[in-house]
Amino acid sequence: MLSHSRSIQPAVSPFWHRYLPLLLLLILAYFPLFWQLSSFPVQQWDESRTALDALGMLVHHDWLVARYLGEPDFWNCKPPLWLWTLAGSIHLFGPTELGLRLPAALAALATVGLTYYAAARWLRSPVAGLLAGLVLLTSPGYVCFHVARTADFDAFLTLWTTGGTLSWLAYLRTGRARWAWGTGVGFMLAILTKGIAGAMFGPGLVLAVALTGSWARLRNPTPWLAAGLVLLVTASWYLVREAAAPGYLQAVWQYEVGGPAAHELEGNNAPFEWYLSLLAHTKFALWLLPALLGMSLGWWQPKGSTAWWLGRVLTAVVGSFLLVLSLAQTKLFWYDAPAFPLMAVLAAAGLTVGFRLIRQAAGLRLSFLGLLAGVLGIAAFPYLNQVQYLRQLSKYRFDNHQLVYGHHLRQQWQQQPGLWQYTLGTDGSFNDAPLFYQMAAQYQQSHTVARRAAWQAAESAPGDVVVVCGQKATRAWQTAFQTETLVQSDSCRTLRLGARR
């Protein structure tokens, strides 16, 4: 009986060793990626504009040309893959904050899964995979507005660039054609998500070939065929889009390629070292030293070892990408988002290999559960700090009164279900959030909704119903008319206008 029990034990243990770290990672991903995801309103920059373009595809039944105020949107001239995804989510879940942000959160979860897979495979340890995933989940530069927490392009872009880079790493080491095709598909989807931003890993992929001495891999036709597929699909999109609404290619050059590279757009300029400074001080501060150690593995680990490959290829890609960003004249806080999953894998590699060397030198032995507890202990403080940061975000959700029309309109629909015609009265500042909530009410509730700025208050008429948020907008209509409050929530009011003052 005892011998039988011992004989089956090894078959059970590896199963839990393999899947328990992944299960823990999926559970721990909830708070950074999904907790309070819909607790704050649609953001002004650039979530509301992206949401308008996606909702506009459903409203205008035009899946090629994104429209703003009914006209082709040449300012937001990204390819359509993310807008199609958002439009599908809006169709399923409605034009709500959750409907907008769920695809980005799911893309972030998939990216966390890729970091787990890469570290577990290349470091031969599911515990290392857990560590890599936790590093990404606790990186303030990744789990933040405009990346994993809002409906912008960058979480989706990062998913594809991460997958493409890891496929290239596998191709250079193994020479298997499927990984070359995986690289092509990954970067094709990245370009179809955010245009030129999806191709900015290109120099790093070439440098990785040089640093690993893998030029022989380029004699195989497969990577060239995969690159040809990327070029064919990309060129086809831009030509079709230009034919659908001429002027698109000029806008792409102005806002996506030549303009940001050679000139500072809209005042978004910073010194050359800006991105590195952000990494060191806020975005990746707690994990930067382990990541640098992971980068060094490519130069002091045995040539051809998995750590050698990981260190050289990911260092080439991350280093080249950050250099390209730093040389560009236009710099924005979220442009470096695609670097974080790769740096998370490098940080996990540095910590894992470093610990193995210390353990061998000291003759230490740790059980699987001991290693698991050690990783959770290392990530505990950064994780709790990240959760605290997200909790603070919800406290500031009403700071900009022009963002909260959606919250008030939902209250209005519950309290005044028969009210279907009204005006959104704004304070007159440039802000796409009220416009999104206006279009959402028209799409979701079939309401008739006009929009007027505070300086147009006198154009309203007695008997009109006006929804205002914030003191400036409220004062404009209450100064011009006697008013009756129908619904009130926070700084917002639904007013029925009486006689003129």
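Predicted model: local features only at pLDDT ≥ 70, side-chain atom pairs only at ≥ 80, totals over all residues.
Start by selecting G354: at 21% relative accessibility it counts as partly exposed (buried means under 20% relative accessible area, exposed over 50%, partly exposed in between, with a 1.4 Å probe and protein chains only). G354 sits in helix 16, residues 339–362 (helices are DSSP runs of H or I with at least four residues, strands are runs of E with at least two, and both are numbered from the N terminus).

Residues are numbered from 1 along each chain as its sequence is written, and side-chain values use heavy atoms, with hydrogens and water left out.

**Next stop: helices 8 and 10**

Select residues 177–194 for helix 8 and residues 221–244 for helix 10; they pack at an angle of about 20°, with their axes 8 Å apart. Those axes are lines fitted to C-alpha atoms, for helices over the stretch in contact, and angles run from 0 to 180 degrees between N-to-C directions. Helix 8 and helix 10 are therefore roughly parallel to each other (angles under 35 degrees count as roughly parallel, over 145 as roughly antiparallel, 65 to 115 as roughly perpendicular and the rest as oblique).

Which residues of helix 8 and helix 10 meet? Show the side chains of A177, A180, W181, G184, M188, I191 and L192 in helix 8, then T222, P223, L225, A226, L229, V230, V233, T234 and W237 in helix 10. Contact here means heavy atoms within 4.5 Å. Colour the residues of this contact by class and you get 13 nonpolar, three polar and no charged (Ala, Val, Leu, Ile, Met, Phe, Trp, Tyr, Cys and Pro count as nonpolar, Asp, Glu, Lys and Arg as charged, and the others, Gly among them, as polar).

**Along to helix 11**

On the helix 10 side, pick W237, Y238, R241 and E242; on the helix 11 side, pick Y248, L249 and V252. The contact of helix 10 with helix 11 has five nonpolar, no polar and two charged residues.

**A buried serine and a loop asparagine**

Jump to S89 in helix 4, residues 81–93. Is S89 buried or exposed? S89 is buried, at a relative accessible area of 6%. Leaving aside neighbours within four places in sequence, S89 is in contact with G94, G99 and P103.

Now find N269, in the loop between helix 12 (258–262) and helix 13 (274–283). N269 is partly exposed, at 36% relative accessibility. Zoom in on its side chain, which reaches the backbone oxygen of Q329 at 2.6 Å.

**Backbone details to finish**

Go to W45 and D46: the peptide bond from W45 to D46 is cis, with omega near -15°. D46 is in the loop between helix 2 (30–33) and helix 3 (47–60).

Then click on H61, in the loop between helix 3 and strand 1 (67–68). Phi of H61 is near 55°, a positive value in a residue other than glycine. H61 is exposed, with a relative accessible area of 65%.

Last, select H146, in the loop between helix 6 (126–137) and helix 7 (154–174). H146 has a positive phi too, near 80°, but H146 is buried, at 6% relative accessible area.

Conventions. Polar contact = N/O pair within 3.5 Å; in protein donor to acceptor, adjacent residues only side chain to side chain.
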